[in-house]
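Numbers get set against cut-offs, and then we conclude.

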Amino acid sequence: MRVILIGFMGVGKTSVGKKLAKKLNFDFIDTDYEIEILANKTIPDIFEQDGEKHFRKLESIILEKFIKKEDVVISTGGGIITTKENYNILKNEENVIFLDASVETIISHLQNERNKRPLLKESENLNKKIEELLSTRYEKYRKVSDILIDINGKNIDEVISQILVYIG
């Protein structure tokens with residue numbers, strides 16, 4: 001079995017994923033971390049030096065590498081569903097869990113990380129940029145996921161409890 005966490009940046013996919021993997025005694029894979037290893041540079045550097053298109057190509061390579069691994073929790077990047085290849089891969093998987101949050105929750109989670117987020121770095125109006133990105137991604141998150149978990153006002157343990165109920 002594998003569990004795949006999707007959702008917008010800042011919803012806690014990595015934090016939830018690490019703790020969930022530990023609880024299930026599964027391996028944990030963070031696709032962004034794996035991309036940095038593959039490229040031998042940080043995600044902001046990849047975006048700046050090679051562009052978003054190259055980053056998405058690396059993202060597809062990593063997803064394909066780990067998607068058939070068993071006993072694993074995979075935390076994906078927020079934009080993984082923006083490419084057709086990744087969307088189709090995720091659509092055919094089980095236990096794809098969409099961690100959903102309001103714009104306000106996302107902003108509160110990202111306050112101190114803005115410079116680490118290439119798609120938000122240059123934005124003058126953070127609220128508007130998040131709303132724009134979320135509006136282009138939201139339906140895709142919904143369509144590829146098996147379950148949606150609203151993380152607003154919940155701590156990591158509450159989110160994990162809901163996931164465990166779902167995956168049984």
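A contact here means heavy atoms within 4.5 Å. Keep in mind that this is a predicted model.

Q: What makes up the secondary structure of the protein chain?
A: Nine helices and five strands. Read from the N terminus, the order is β-α-β-α-α-α-β-α-β-α-α-α-β-α.

Q: Why is Ser60 called buried?
A: Buried means under 20% relative accessible area. Ser60 has 9% relative accessibility, so it counts as buried. This serine sits in helix α4 (residues 52-66). Leaving out residues up to four places away in sequence, Ser60 touches Thr83, Glu85 and Asn86.

Q: What about Glu34: buried or exposed?
A: Its relative accessible area is 17%, so Glu34 is buried; the cut-off is again under 20%. Glu34 belongs to helix α2 (residues 31-39), and its contacts, not counting residues up to four places away in sequence, are Ile29, Ile62 and Phe66. From Glu34 to Glu158 it's 124 residues in sequence and 27 Å in space, C-alpha to C-alpha.

Q: How much of the protein chain counts as buried?
A: Of its 168 residues, 46%. The accessible surface comes to about 8,900 Å², with 46% of that belonging to carbon and sulfur atoms.

Q: What makes a set of residues a nonpolar core?
A: Its members are buried nonpolar residues such as Leu, Ile and Phe, joined through side-chain atoms within 4.5 Å. The largest one here has 52 residues, and Phe8, Ile97, Leu99 and Ile163 have the most contacts inside it. Helix α8 (residues 126-144) gives the largest share of this core, six residues. In soluble globular proteins, nonpolar side chains tend to be buried together.

Q: Which residues does Phe8 touch, not counting those up to four places away in sequence?
A: Among them are Leu99, Ile106, Ile130, Leu133 and Leu134, along with Lys13 and Arg137.

Q: How far apart are the mean positions of the positive and negative charges?
A: For 26 positive and 28 negative charges, they are 1 Å apart.

Notes: Residues are numbered from 1 along each chain as its sequence is written. This is a predicted model: local features need pLDDT of at least 70, side-chain atom pairs count only at pLDDT 80 or more; totals for chains, interfaces and linings use all residues. Side-chain values use heavy atoms; hydrogens and water are left out. Helices (H or I, at least four residues) and strands (E, at least two) are DSSP runs, numbered from the N terminus. Buried means under 20% relative accessible area, exposed over 50%, partly exposed in between (1.4 Å probe, protein chains only). Accessible areas come from the Shrake-Rupley method with a 1.4 Å probe; for residues, only the protein chains shown count as cover. Lys and Arg count as positive and Asp and Glu as negative; His and the chain ends are not counted. The place of a charge is taken as NZ of Lys, CZ of Arg, CG of Asp or CD of Glu.
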